[in-house]
Amino acid sequence: MIVRLRQPRREVEMAGGRAAHAVLHDLGLSREGHLIIRNGTLVPSDTMLEEGDIVEIRPVISGG
Amino acid sequence: MSKCRSCGDAAVVDLPRHNANFCAEHLQQLCVRQVQRAIADHSMFETDARVLVAVSGGKDSLALWDMLVDLGYRADGLYIGLGIGEYSEESHRITSVFAEERGLTLHTVDLRQEHGFDIPTAARATRRVPCSACGLSKRHIFDRETIRLGYDVLATGHNLDDEAAVLLGNTIRWDVEYLTRQYPVLEAGHGFPRKVKPLVRLTEREMAAWCVVRGIDYVVEECPMAIGNRHSGYKETLNQLDERSPGTKASFYLGFLDRMVPVLRTGPDRQGAPESCPTCGAPSSSSDTACSFCRLEATASSHEPVPVRMVLNRSARRAFDAQWGEEEA
Ligand code: SF4
Ligand SMILES: [Zn+2]
Ligand SMILES: [Zn+2]
């Protein structure tokens, strides 16, 4: 699956078949600091992400 | 598949502090109730008030504007063009589209056009950190325009994470004066408008989720000046605590409002300054010398324009180049 990250914008390829919170954990990202958008739809952190999904991990913390 | 706590439909988001998942409809209901509660608990404004929303193009201010309009308030927006390179251009475009699509009134003040400087130049010319020059300019212009345009109240999009981070900073320094003044309402006072923060009961993640389910396009990328600042560090720390023990962040701040504020506050917090600036008339500590905004303007507007990249520290510059690099190189 393709995982899209922000700040800066970049894409990484990761293995599917894992829950979204596990993917966050592997990337060292906090659940409270991010939303998971799978194939254009907001999903909860326990959603299983599959091979072929396009997953956006969107940071929600702003520092201004 | 996790289910919405309220209706059992497929959930779109988990909110650990409520130990529950919610569908799009019930997420919105939860957010609206928290805003209504903040407005009522702190007597922020009446239903017929004319509200000016300080909009930046980010999730919080656009969500706030969207909610207030949805709740039937008469709310217009004010955007300030800060001249922070592509970030500001993108923010202005997104804010304008938001207002146009909904038929809302958006006022705009452009620092460079109206005052002859932008934030990077002001930072360099006055040797302030950019956020300090920016905060000073925004406060001055938001206050002035709220009064000049005849609004009853200025509403800003500060959320629970913002307030909890400020509270953590104030507590770490034991800054009793700031702790005493940290409250979601500032009463009007000599030359200052009434100011309120209706989003203080909602987290940053809840605001972002609101924007996603409402289809609001907002600026996801951060202001380049914010990268690595102390405020962001406090937010991360609080989120780490929340990760281990969900709800910690909310109880830290909401508990402060409920239990500490009554101990600290002896009366309503009126803003005040005894004199008026001889140049612009804004409230000021002295009538002999210009106010801090006028002094900033005088120094910055005679300085040659400074590009954003020049005022970033090394780590912020690296992040900036990765984000906007090719276009601004
Ligand atoms: S991060 Fe600093 S410079 Fe950027 S908008 Fe916020 S206060 Fe202004
Ligand atoms: Zn529901
Ligand atoms: Zn002045």
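Zinc sites of chain B

Q: What makes the arrangement around the zinc ion (ligand 2) tetrahedral?
A: Its four donor atoms subtend angles of 97 to 113°, and four donors count as tetrahedral if all angles lie between 85 and 135 degrees; therefore the arrangement is tetrahedral. This is a predicted model, in which local features need pLDDT of at least 70, side-chain atom pairs count only at pLDDT 80 or more, and totals for chains, interfaces and linings use all residues. Residues are numbered from 1 along each chain as its sequence is written, chains are lettered from A and ligands numbered from 1 in the order in which they are written, and side-chain values use heavy atoms, with hydrogens and water left out.

Q: Which atoms coordinate the zinc ion (ligand 2)?
A: B:Cys4 (SG), B:Cys7 (SG), B:Cys23 (SG) and B:His26 (ND1) do, at 2.1 to 2.3 Å; donors are N, O and S atoms within 2.8 Å of the metal (3.2 Å for Na, K and Ca). Their spacing in sequence is C-x2-C-x15-C-x2-H.

Q: Why is B:Cys23 called buried?
A: Its relative accessibility is 8%, and buried means under 20% relative accessible area, exposed over 50%, partly exposed in between (1.4 Å probe, protein chains only). B:Cys7, at 35%, is therefore partly exposed.

Q: What are the protein donors of the zinc ion (ligand 3)?
A: B:Cys277 (SG), B:Cys280 (SG), B:Cys291 (SG) and B:Cys294 (SG) lie 2.3 Å from the ion. The angles among these four donor atoms are 105 to 113°, and the site is tetrahedral.

Q: Is B:Cys277 buried or exposed?
A: B:Cys277 has a relative accessible area of 4%, so it is buried. B:Cys280, at 38%, is partly exposed.

Note on methods
Tetrahedral: all angles 85-135°; square planar, octahedral: opposite > 155°, others 65-115°.
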